[in-house]
Each structure stands twice: as structure tokens, then as C-alpha cells.
Amino acid sequence: MTETTGTRSDHTGTERASADASPAAPARRSAVRPAAVGLPLLGVVITLAVWWLVTSGLELVHPVSLPPPQAVWQALTASADVLLPALGVTALMTLVGFLLSVVAGVLIGMALAASRRVERMFAPLLVAVNAVPKIALGPLLVVSVGWGSKPILTMVFLLCFFPIVLSTATGLTTTPADLAELARSLNASWWQAFRKVRFPAALPQVFVGLKVAMPLAAIGAVIGEFYSDKPGLGYQILQYNGIGDTATAWAAIVLIALMSILLYSALSLVERLALPWVRATTSAR
């Protein structure tokens, strides 16, 4: 009788503890959301304050070289009918070139991971291509592939594919030993081990390469637009800088930065949705 009473009291205590703990979980989640929004906003405010202090407060930089934030904002609102359509062009080129880089980079990384001979043959060539200054290829791309979207997409691809290849090959060749041993103990075929063990285990590493490549895609799109007739933000930067309107040119640069932040955040969200186990098993953040 005493044991039964003790068991019931323990069970009741457990229920009370769980009931007391359940409201704390939503409180913790709700406490995280303001920080997720407030801290980036605080960073933006600090950056704008430093920008204003350097350009207007202390006048350490000439306004022609770096206009103050209020001048850039005025230029952005005055030229919104030109800059916003240009933002759409640059965003489209960035996304298309990035997706092409993802497809090609993952396939090349898989080929390097599948065969050591293939890796030894082509890895030095990939390193050499990545080491070439991409801005020096701009005029040559116009001659090689012509005007329009082709030089832009080629520039995005050249900047993005190497980190994707490297992260994919690294992820596929560093499968945890316990998972590889489990696949062997179950007599899994090569394809079964790849599909259910090696590739899922490599996905966190692959996403590292994707997140490195995403800002590079925006850089590649802008560099490609320097040598193209596409009226994107890179094209507008050259045009406004050529007539001495540096405030509008800097407004275009600010739009490029905002676009990169949004694309990177979207990719991070995709990673969280596609790999929910990573946050639960690797970090408490």
C-alpha cells in the first residue's frame, strides 16, 4: 500500500513538473523571436550610425566618394523607377546562375568523391580555374559567349561552383564511421548506402558550400552586368558612376546588399526545414 501511494505521488509530481515546464517552452520560443528580429535591426542601426558619423558627423570621407546615408536614401527614392526593375534583373540572374552552379557543383563533387582517380585528374584543374581572377575574364566572356544573359550566368557559375564542389566532395568522403559500418553490416548496396547514409550525412556540409556560394552569386551577377547589356544593378552602377551620380550608384550597391541578405536568409530557412535533425544533434542554438 505504501509503495502504491509512493508511486502515485511520484507520478503526480511528474505530471506537475511537466505541467509547470510546458508553459516555459512557448515562453522560451517567444523570447527567441524578438531577438532574431531585433539583433539584426540593431546591427543595421549601428552600421547606419557609423556611416553617418564618418560621412556627415566627423566628415572623414568626402561625400563624392561615400555619400551620407540620407543622400543615398534620397537618391534611392528618386530613382526607384529605374533601380527596382534593375534589382529584379539582377536577382533573376543571381538565382538562375546559382541553381546552375548547384546542379553542376553537386554532380562534380559526387564524381570526385566516387573515384580517387577522377579526383586526382581533375582536382588540380578545378583549383586552377578557381584561382583565375574572374573580373579579368569579363571582356573575354563577351567575345566568347556574346551579349545578353550568357556572360552574366557564366560569371555567376565560375564564382559559385568551386565551394559547392568542395563541400559536396568533402561531405561525401567524411561519412561518420558508425553510419558506414551500419550500412556494411546490413549488406547495403553501394546505391542504398549512398542514398540512405552517405548523401544525407553529407547534406550539412553541402549546405555550408551553398551558403558560401550564395553571396558569390550576387557578386558574379554584378560583375557580369559590367560587361553586358542587361540593365541590372551592375549596369546601373556603371551608368550613374560615369555621370558622377555616386549617391544613386551607392543606392544600387545597398540594394545588392539587401538582396544578398534576403537570398542568404531564404537559403538558411531551406536548410532548417530540410535538415531539422542537424540543429537538434549538433548545437543548442
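Rings of Phe, Tyr and Trp (its six-membered ring) were taken to pair if their centres lie within 6.5 Å, with planes under 30 degrees apart counted as stacked, over 60 as edge-to-face and the rest as tilted. The model is predicted: local features need pLDDT of at least 70, side-chain atom pairs count only at pLDDT 80 or more, and totals for chains, interfaces and linings use all residues. Residues are numbered from 1 along each chain as its sequence is written, and side-chain values use heavy atoms, with hydrogens and water left out.

Two aromatic pairs are present in the structure. The ring centres of Phe157 and Phe161 are 5.4 Å apart and the planes lie at 5°, so this pair is stacked. Both residues belong to helix 7 (residues 150-172), where they are four residues apart, about one turn of the helix; helices are DSSP runs (H or I, at least four residues) numbered from the N terminus. Phe161 also pairs with Phe162 in an edge-to-face arrangement, at 6.5 Å centre to centre and 80° between the planes.

Burial was assigned from relative accessible area (buried under 20%, exposed over 50%, partly exposed in between; 1.4 Å probe, protein chains only). Phe157 is partly exposed at 25%, whereas Phe161 is buried at 5% and Phe162 is buried at 16%.

Helix 7 is also in contact (heavy atoms within 4.5 Å) with helix 6 through Lys150, Pro151, Thr154 and Met155, which meet Gly138, Leu141 and Val145 of helix 6.

Key: Helix = DSSP H or I, 4+ residues; strand = E, 2+ residues; numbered from the N terminus.
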